[in-house]
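Please read it alongside both.

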Amino acid sequence: MVYGLANEKLTVQFSTLGAEMVSLKENKTGQEYLWQGDKQYWGGRSPVLFPIVGRLRENKYLHEGKEYEMRQHGFARNMEFTCISEDKEEIWFGLDATPVTREQYPFDFHLEIGYRLQWDTVQVSWKVKNEELKKEMYFSIGGHPGFQCPLKQGEKQSDYSIWMDQEEVLFAQNNLDTGLMHNYKNLLTLPKGRRMLQEGFFDTGTYIIEDYQVNKISLVDPENVPYLTVSFQSPVVGIWSPENLGAPFVCIEPWYGRCDREAFSGSFKEREWTNKLSPGEVFERSYQIKIER
């Protein structure tokens, strides 16, 4: 089922499947800013990643001596949510643990995903509650929104650029064969915060930027004008477009967690950037997508 929010500036739509944002459109021009999904490149649009971000080593993990299996990015994106509240500016969707989820993830959880529309900005919010009576719960959560780049037919992505609120950042990348993170970091330079998206920029894998280095990332058109900005306070952010495909979109992904390192051999609670909740405790975070035009 599809729900929507609208004002004079924007119209935004959401699906109960995964509580995913499926459209972000400017009313005056009809410009669609959200990637609309194409299996030739990637069928997603803006999935929420829970209870893991990225890939587990061998798609498995250990918790309290028992082995569990879970596929990349977890299961929430493929589950049907319930709309639990709705008004003119804000909508919330909810998901609870089931016998099926407990086979992959042995915790009782309550997950809420909310969207608030204020003029030119959509705020994406998450609430995760540990419903366990006695034990701590471990999880990761993240966004995976894809944005049209280029915006217009006949344009090339290589004429666009990306802007960050830093002039250089350290980044790691995932191994394209395993999906796991390499144990080294590289330096990405951004003169005046900008870097052209030259051909082949994404062919070496996801840019994984850790340690709160960046809080704001914009996509910039061929006239050097930013047209969309993602703002966040997450410890990790991923920047991705499918490798070796020249796909016409870019994902800017605020993460509270990430894939395993190639050499990782610890338990689930020992994964880097994993979040912990005591019984009854609630985790609340958000990020913003602003249309700059």
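The points below cover the pockets and a sheet of this predicted model.

**Largest pocket**
- The space in the largest pocket comes to about 370 Å³.
- Its lining is made up of 19 residues, and those closest to the pocket centre are Gln72, His73, Asn174, Thr206 and Trp240.
- Sorted by class, this lining holds nine polar, six nonpolar and four charged residues.

**Second largest pocket**
- A volume of about 290 Å³ is found for the second largest pocket.
- The second largest pocket is lined by 19 residues, of which Gln157, Glu199, Gly200, Gly246 and Ala247 are the closest to its centre.

**Sheet**
- Nine strands form an open sheet with antiparallel pairing, in the order S7-S8-S9-S10-S24-S20-S19-S14-S17.
- At the edges are strand S7 (82–86) and strand S17 (194–196), each of which pairs on one side only.
- From one strand to the next, the twist averages 20 degrees.

**Pairing of S9 and S10**
- Strand S9 covers residues 109–118 and strand S10 covers residues 121–130; the two pair in the antiparallel sense over 10 bridges.
- Which residue stands opposite Tyr115 in S10? The residue is Val124.

Technical notes:
Residues are numbered from 1 along each chain as its sequence is written. This is a predicted model: local features need pLDDT of at least 70, side-chain atom pairs count only at pLDDT 80 or more; totals for chains, interfaces and linings use all residues. Side-chain values use heavy atoms; hydrogens and water are left out. On a 1 Å grid over the protein atoms alone, a cavity is a set of points where a 1.4 Å probe fits but cannot get out, and a pocket is an open set with protein on both sides within 12 Å along at least five of seven lines; lining residues have an atom within 4 Å of a point. Grid points are joined across faces, edges and corners, and a volume is the space filled by probe spheres set on the points. Ala, Val, Leu, Ile, Met, Phe, Trp, Tyr, Cys and Pro count as nonpolar, Asp, Glu, Lys and Arg as charged, and the others, Gly among them, as polar. Two strands pair if DSSP finds at least two bridges between them. Helices (H or I, at least four residues) and strands (E, at least two) are DSSP runs, numbered from the N terminus. Axes are lines fitted to C-alpha atoms, for helices over the stretch in contact, and angles run from 0 to 180 degrees between N-to-C directions.
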